[in-house]
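Have the model open as you read.

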Amino acid sequence: MPVLIFFIAHWYLSLFTQTFFHHRYSAHKAFTMSKFWEKVFFVLSLIFQGSSYLSPKAYGIMHRMHHAYADTEKDPHSPIFSKNVFEMMWKTKKIYHDIFYNRLQLDKPFTERVPDWPAFDKFADFWPVRLFWVAFYIAFYVAFDASWWMYLTLLPIQFVMGPFHGAIINWFAHKIGYISYKVRNTSTNLLFFDFLMLGESYHNNHHKFPRRVNFGIRWHEIDPIYPFILLFNLLGIIKVGKQIVVTKQELEEVVEKSDSTVMEPF
């Protein structure tokens, strides 16, 4: 039982930082926060994501590219151009690392106003730090006498929790599910009730309204993160309403310089 509780806690805490801080804040600026609170969520991201820590800056840039070039060859993770989910995620990993290590020349709309703490990102990405978390997970399983099937199924997921969440949405939420809005890509709403992915599976809604803080729209689409956003806004941790967004003109400038088609704003 302790191992299952540990796995579930890791699942939701890792997903919380990814959807709240990396996705809604870093990529879309659906709300604002101070530099102090940025650093707090950087640290929480490392604690909650552990061995699969994702740089908020690299994630934010890559996700903006996903929206701008959705389902085109420039999309970092479109299932249209991959034979299977593993091939898609390997391509995503390569682009993520190219962004993280500054190997890509990126236009200003993709890089502007993303949270950036280079020293912390470098520390969190350091292999001994990642291996520390791997050792911690294994030690927890050993200490609480985990069953053999937990080692084979749950533990590998914990090693790559962040990318695992991304694979679910970026593959299946472009393959199956229901469509509420006609958009210029294959995005779907994967789950009717989304307590498993904390609102992330309302992917079609999100592509239609990328800067909307509440991913749920229909009566049954409950976004579990939205109440936290309202609470954090009430407490002054974040400020909803002063959204800093990329303009259509800025996107058109990217199109002109890259000779490609921008599919949607972000």
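Asp-223 pairs with Arg-24 in a salt bridge, with 2.7 Å between the closest N and O atoms; the term stands for a side-chain nitrogen of Lys or Arg within 4 Å of a carboxyl oxygen of Asp or Glu. Asp-223 sits in the loop between H10 and H11 while Arg-24 is in helix H1, so the bridge ties together parts 199 residues apart in sequence. Both Asp-223 and Arg-24 are buried (buried is under 20% relative accessible area, exposed over 50%, partly exposed in between, with a 1.4 Å probe and protein chains only). Helices (H or I, at least four residues) and strands (E, at least two) are DSSP runs, numbered from the N terminus.

A note on the basis: this is a predicted model, where local features need pLDDT of at least 70, side-chain atom pairs count only at pLDDT 80 or more, and totals for chains, interfaces and linings use all residues. Residues are numbered from 1 along each chain as its sequence is written, and side-chain values use heavy atoms, leaving out hydrogens and water.

## Other charge pairs

The salt bridge count comes to eight. Glu-112 meets Lys-108 at 3.6 Å, N to O, and Arg-113 at 3.3 Å. Glu-112 is buried at 17% relative accessible area, Lys-108 is exposed at 53%, and Arg-113 is partly exposed at 39%.

## One face of H6

In H6, Phe-120, Asp-121, Ala-124 and Asp-125 are buried. Seen down the axis, they fall within an arc of 125° (taken from the directions from the helix axis to the C-beta atoms), so they line one face of the helix. The face turned away from that buried side carries the exposed residues Pro-118, Ala-119 and Lys-122. Cover for the buried residues of H6 includes H2, H3, H4 and H7, going by contact, meaning heavy atoms within 4.5 Å.
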